[in-house]
Amino acid sequence: MMKVLWLSPTFNHYKARFLNRLANTDIILTVLTGTGRYEMGDKILEANWNFDEIKVDVPKQYYGRSKVVRDKLNSIFKEYDWIMIPAEKKNMQLFLYAIRLRKYNKNVKLFSYNHPLLKSGNGKRDLLDRMVTKFFFKALDRVIFYTEKSCEWAIKQKLVDEKKAYWANNTIDSAEVDMYLEPRIDALNPPKMLMIGRLVKYRRLNKLFEYFITLKKYYPFIELHVIGDGPEKDSIIKFQKENKGVFYYGALIAEKEISLVMNKIDYVISAGHTGLSINHSFAYKKPYIAFKDYTNHPPEYGYLDNQVNSLILSGNIDADLKILRLYLTNKELYSELVQGVIASKSQLTIDNWVNQIHRSLH
């Protein structure tokens, strides 16, 4: 049996679910959790997990330089075969500490599960980012990337030794989704879209509202559904009051409740930052609508294939309107998108993720 310690400054419901599946194998898993991001829409799902959880009262912004976290890591370090430390600049102090502990505990190995390139807080990447990335990746025993494409890119860019580079498609608990998945009886009648995720500035809600209002001129009964919480919540509530066809549910983290919304919509949409909502969308066999003029997408954006499993809009509303009016009315084109989604869904299952993590650590 392999013993793994997974450091998690933010422990949201997505992460809890997929780690629970990993712990339901021959891996004995412990998660060292922080308290996440303050008032940023993160929700914790409490359940009887298959893993052990060690909680420290430290928010994400301080986790990487917290003495409390270092002391706890020191006290349990030697108990594990593998320890996952998020490769982020903010975790540099903790990372250096873990490297020092490894010198005295030769049986313990370090790995990360991360983006292909560390970046600055403004999303820009520069020479220093490459240097820091190389330092992290050289010191780690394994580097696991969120996508196959990002793994290949990092190797090509000589950021990581290909012998230690692996990938595991970032995912959600697709097996739980399958328990609640039901077909939409009458697709596009009327067109229904869903935005799901933390309500923060980089979701670009104003752009989403602009597109919805414009589409409503052509499709008076079009609907916009929103699941999420965060500092931009008030703008959703205000928009709902001013426009018919807008439905806001707050933060839903129980899959049974999420499914009641997912099963009745046609598309999942994000006018800004995407992420695991792509996986969630595909798990429910829903095409995704994203915007390429937002330039700081996470790796999951690479799962999108324009007009195959998704619509990737330009951000120019006049040009995008032609595409949307076609795909919001033509059921044959919509059905083709759904078939593309189903093909992608088969590659992004939780079983595949568990197998990919296992492959990386053996």
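Contact here means that heavy atoms lie within 4.5 Å of each other. Please bear in mind that this is a predicted model.

I begin with helix H10, which comprises residues 255-262. Which residues of H10 are buried? They are Glu-255, Ile-258, Ser-259, Val-261 and Met-262. These residues lie on the same side of H10, because they cover an arc of only 160° around the axis. On the face turned away from that buried side, H10 carries the exposed residues Lys-256 and Leu-260.

What covers the buried residues of H10? The cover includes three helices, H1 (13-22), H7 (174-180) and H11 (277-283). It also includes the strands E8 (192-196), E9 (223-227) and E11 (267-269).

I turn now to the backbone.

Although Arg-204 is not a glycine, its phi is positive, at about 55°. Arg-204 is partly exposed, with a relative accessible area of 21%.

Finally, I come to Gln-307, in the loop between strand E12 (288-291) and strand E13 (310-313). Gln-307 is not a glycine, yet it has a positive phi of about 60°. Its relative accessible area is 41%, so Gln-307 counts as partly exposed.

Conventions. Residues are numbered from 1 along each chain as its sequence is written. This is a predicted model: local features need pLDDT of at least 70, side-chain atom pairs count only at pLDDT 80 or more; totals for chains, interfaces and linings use all residues. Side-chain values use heavy atoms; hydrogens and water are left out. Buried means under 20% relative accessible area, exposed over 50%, partly exposed in between (1.4 Å probe, protein chains only). Helices (H or I, at least four residues) and strands (E, at least two) are DSSP runs, numbered from the N terminus. The arc is that of the directions from the helix axis to the C-beta atoms.
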